[in-house]
Amino acid sequence: MLAALGGCSAGHQLAPPPGHLMRTTDGQWDVIVSSSSDTWPLNEYFDLEIRVIRGPSAPVEVRADAGMPAHRHGMNVQVDTVRTTSDIWLTQDMLLHMPGDWVLTIDVIDTSGVLHRATMPIVVH
């Protein structure tokens with residue numbers, strides 16, 4: 001459920017788009033994030049595919065995470081993100097274990113070791 005993209009009606013979950021564009025806060029990198037699930041699932045594992053589509057160089061590393069700022073915690077699992085092609089990264093076994101407001105975080109680390117962060121609010125029911 002992408003609250004920022006129209007919210008959701010009571011009892012109905014909106015599917016994440018096939019690929020959601022995220023831009024780092026400094027505007028240097030664009031990534032498209034796609035989920036293996038039709039919805040942002042509650043307490044079910046899912047995978048994220050992260051495609052780097054714009055940046056000043058090839059990224060050295062990409063990371064994904066999610067947290068609940070209002071509760072001051074993140075996921076109950078630690079995930080690894082691995083490169084599958086020159087511009088695609090895969091994060092397996094993401095787990096949003098509680099309903100509520102989450103923030104999906106994608107970090108792109110450049111060749112100088114600088115971290116560039118993109119965030120997206122999501123709502124899990």
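Student: Which residue in S3 stands opposite Asp30?

Tutor: In this predicted model, Asp30 faces Arg54 of S3. The strands concerned are S2 (residues 30-35) and S3 (residues 46-54), which run antiparallel and are joined by 6 bridges.

Student: What is the order of the strands in the open sheet?

Tutor: The open sheet has 5 strands, ordered S1-S2-S3-S7-S6, and their pairing is antiparallel.

Student: Why is one side of S1 and of S6 left without a neighbour in the sheet?

Tutor: Strands S1 (20-23) and S6 (81-83) are at the edges; each has a single partner strand, so one side of each lacks a neighbour in the sheet. On average, neighbouring strands of this sheet are turned by 25° against each other, direction ignored.

Student: Which residues touch the most other members of the largest nonpolar core?

Tutor: They are Trp40, Met94, Leu96, Leu104 and Ile106, in a core of 26 residues. Two or more residues of this core come from each of S2, S3, S4 (61-68), S7 (88-94), S8 and S9 (115-124).

Student: With which residues is Leu104 in contact, leaving aside neighbours within four places in sequence?

Tutor: Among them are Met22, Val33, Trp40, Leu48, Met94 and Met120.

Student: Is Thr105 buried or exposed?

Tutor: A residue counts as buried when its relative accessible area is under 20%. Thr105 has 14%, so Thr105 is buried. Thr105 belongs to strand S8 (residues 100-109). Leaving aside neighbours within four places in sequence, Thr105 is in contact with Arg63, Ala64, Asp65, Arg117, Ala118 and Thr119.

Conventions:
Residues are numbered from 1 along each chain as its sequence is written. This is a predicted model: local features need pLDDT of at least 70, side-chain atom pairs count only at pLDDT 80 or more; totals for chains, interfaces and linings use all residues. Side-chain values use heavy atoms; hydrogens and water are left out. Helices (H or I, at least four residues) and strands (E, at least two) are DSSP runs, numbered from the N terminus. Buried means under 20% relative accessible area, exposed over 50%, partly exposed in between (1.4 Å probe, protein chains only). Contact means heavy atoms within 4.5 Å. Two strands pair if DSSP finds at least two bridges between them. Axes are lines fitted to C-alpha atoms, for helices over the stretch in contact, and angles run from 0 to 180 degrees between N-to-C directions. A nonpolar core is a set of buried Ala, Val, Leu, Ile, Met, Phe, Trp, Tyr and Cys residues joined through side-chain atoms within 4.5 Å.
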